[in-house]
Amino acid sequence: MNDRIRVAEVRLVGPNGETVGIVPTADALRLAQEADLDLVEVAPMARPPVCKLMDYGKFKYENAQKAREARRNQTNVIIKEMKLRPKIDAHDYETKKGHVVRFLKAGDKVKITIMFRGREQHRPELGFRLLQRLAEDVDDLGFVESSPKQDGRNMVMVLGPHKKKAEAKAEVKAAKTARAAERAADEAEEKAERTAANATRTPNEAKKRGPSENLDPDVDL
């Protein structure tokens, strides 16, 4: 950039992308100074090197802004894993399915692994039917991204969420906001009811009772 460019001549590009042509480096530097811009080498391997007139500080700032925006919009793909046995009982199945539902609602992929032991390895159809059943039970939240495949003693299937991670996060945030607003409204309503009840009480009712008022009137002191 600028004085660090050591070649004798450069192919110059104007600030708006227009081609100026091959000019001596000294002339290109003079043009940059007159326009209060920088002379920046953009294609150093070309012959002669290509240089452009630009505001290098502004260029770096805009690139940093774009990078931050890209990172902000980037969604990290998280794969959760759930392991089941081919002969899982009904209660455990519902528990495991509940976890899968929670993961899919959060926008995460889920790797389902069926673990075979002993003679179960000769009955792969048990694992296949179980995976099919699970996929059907959660088809409103996810889809089969990777069909069941035998992997040694295990059978693996991957479920993908219908909603993207960003959409799932937005829905969770909206739900939390709605619940907070509902709690605030309930608290305000209770406070208003207490205030109204206190306002309708007579002074005698509002007066704090003394110790003697709690005693039995028939008992002589």
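The model is a predicted one, and the chain it describes contains 6 helices and 8 strands. Taken in sequence order, these elements follow the pattern β-β-α-β-β-α-β-α-β-α-β-β-α-α. Of the 221 residues in the chain, 24% are buried, and the accessible surface of the chain amounts to about 16,200 Å², with 50% of that area belonging to carbon and sulfur atoms. When contacts between residues at least 6 apart in sequence are considered, 54% of them join residues at least 24 apart.

Four of the strands form an open sheet in the order β5-β6-β8-β7, in which the pairing is mixed. Strands β5 (79-84) and β7 (142-151) stand at the edges and have a single partner strand each, so that one side of each is left without a neighbour in the sheet. From one strand to the next, the twist averages 20 degrees. Within this sheet, β6 (residues 109-115) and β8 (residues 154-161) run antiparallel and are joined by 6 bridges; K111 has V158 of β8 as its bridge partner.

Two helices pack on the sheet. Helix α3 (residues 90-105) touches β5, β6, β7 and β8, and its direction makes an angle of about 170 degrees with that of β5. Helix α4 (residues 124-137) also packs on the sheet and touches β5, β6, β7 and β8, its direction making about 10 degrees with that of β8.

The relation between these two helices can be described in turn. The axes of α3 and α4 come within 11 Å and cross at roughly 50 degrees, which makes α3 oblique to α4. The crossing of the two helices, α3 and α4, is right-handed. On the α3 side the contact is made by Y93, K97 and V100, and on the α4 side by L130, R133, L134 and D137.

The C-alpha atoms of V158 and I79 are separated by 8.8 Å, although the two residues are 79 positions apart along the chain.

Most peptide bonds are trans, and most residues other than glycine have a negative phi. By contrast, the peptide bond from R47 to P48 is cis, with omega near -5 degrees, and P48 is found in the loop between β3 (38-43) and β4 (50-54). A positive phi of about 55 degrees occurs at N2, which is not a glycine and which lies in the segment before β1 (9-13). D36, likewise not a glycine, has a positive phi of about 55 degrees and is found in the loop between α1 (25-34) and β3. The relative accessibility of D36 is 70%, and because this lies over the 50% limit the residue counts as exposed.

Technical notes:
Residues numbered from 1 in each chain as written. Predicted model: local features only at pLDDT ≥ 70, side-chain atom pairs only at ≥ 80, totals over all residues. Heavy atoms only, no water. Buried < 20%, exposed > 50% of the residue type's maximum accessible area, 1.4 Å probe, protein only. Contact = heavy atoms within 4.5 Å. Areas by Shrake-Rupley, 256 points an atom, 1.4 Å probe, with all protein chains shown as cover. Pairing = 2+ DSSP bridges. Axes fitted to C-alpha atoms, helices over the stretch in contact; angles between N-to-C directions. Parallel < 35°, antiparallel > 145°, perpendicular 65-115°, else oblique. Left-handed = near helix turned anticlockwise from the far one by under 90°.
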